[in-house]
Amino acid sequence: MASDYGGVVGAYPYAFRASESRLFKLYVVVSALAIALIGLFVGIALVVLIGQTAAVQGGSLTLSRAFYVVIGLLVVLPAVAPTLVVARRRRKNVGASARHEAALAVAGFVFLLSLYLGLVASMPETFTLDGETVARPAPSGIFAPAIAALYAIPPVLSWIVPLSGASLVGVAHWLFR
């Protein structure tokens, strides 16, 4: 069938063409760029890790290398999910609506924002950069209360922020389907 797509990569242009929602079309473009950037970062981090541990044999290092890939997938899956859902619903012609697509787009954008906010929350009070101890910047400006709230989250629990964003994608799909 000419209107079918072939896998995850083909779902993006298909969802873009088939969607009725301009907001969702914007999400398809932004999420594709974000996923490419995330993939680049995870790939570079994996190469750096392998380069730093190349002389060490197996064991827990193999597990940490696989952990990078698993974390990369957990970050990418909620960003890809809205596009895959819309592409499937459009292809199957099952209850596709501009309202559902717009809700998924908003939830997807919130998830992408939550990834950044999770990074802010995970920033330690002090860290070493090029041999110098650096303190994280103090919250300032219009977003100071939000940044202070993110800094109050213990770095060990900073994963809760993107998990909340990912949960919102599922909730949006369930509520607006």
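What follows is one connected answer on that part and its setting.

Mentor: This is a predicted model, in which local features need pLDDT of at least 70 and side-chain atom pairs count only at pLDDT 80 or more, while totals for chains, interfaces and linings use all residues. Residues are numbered from 1 along each chain as its sequence is written, and side-chain values use heavy atoms, with hydrogens and water left out.

The protein chain has six helices and two strands, in the order α-α-α-α-β-β-α-α. Helices (H or I, at least four residues) and strands (E, at least two) are DSSP runs, numbered from the N terminus. Along the principal axes, the C-alpha atoms fill a box of roughly 55 × 45 × 20 Å. The accessible surface, from the Shrake-Rupley method with a 1.4 Å probe and, for residues, only the protein chains shown as cover, is about 10900 Å², and 71% of it belongs to carbon and sulfur atoms.

Now the patch. Leu 23, Leu 26, Val 30, Val 106, Val 110, Leu 168, Val 171, Trp 174 and Leu 175 make a nonpolar surface patch of about 750 Å². Patches are made of residues with over 30% relative accessible area and no salt bridge; like charges are joined within 9 Å, and nonpolar side chains (Val, Leu, Ile, Met, Phe, Trp, Tyr) within 5 Å. A salt bridge is a side-chain nitrogen of Lys or Arg within 4 Å of a carboxyl oxygen of Asp or Glu. At least two patch residues come from each of helix H2 (22–52), helix H4 (98–122) and helix H6 (160–176). H6 gives the largest share, four residues.

Leu 23 counts as partly exposed because its relative accessibility is 34%; buried means under 20% relative accessible area, exposed over 50%, and partly exposed in between (1.4 Å probe, protein chains only).

Helix H2 also holds Ser 31. Ser 31 has a relative accessible area of 0% and is therefore buried. The side chains of Ser 31 and Tyr 12 form a polar contact of 3.5 Å, the term for a pair of N or O atoms within 3.5 Å; within protein, one must be able to donate a hydrogen and the other to accept it, and residues adjacent in sequence count only if both atoms are side-chain atoms. At 3.2 Å, the Ser 31 side chain reaches the backbone oxygen of Val 28.
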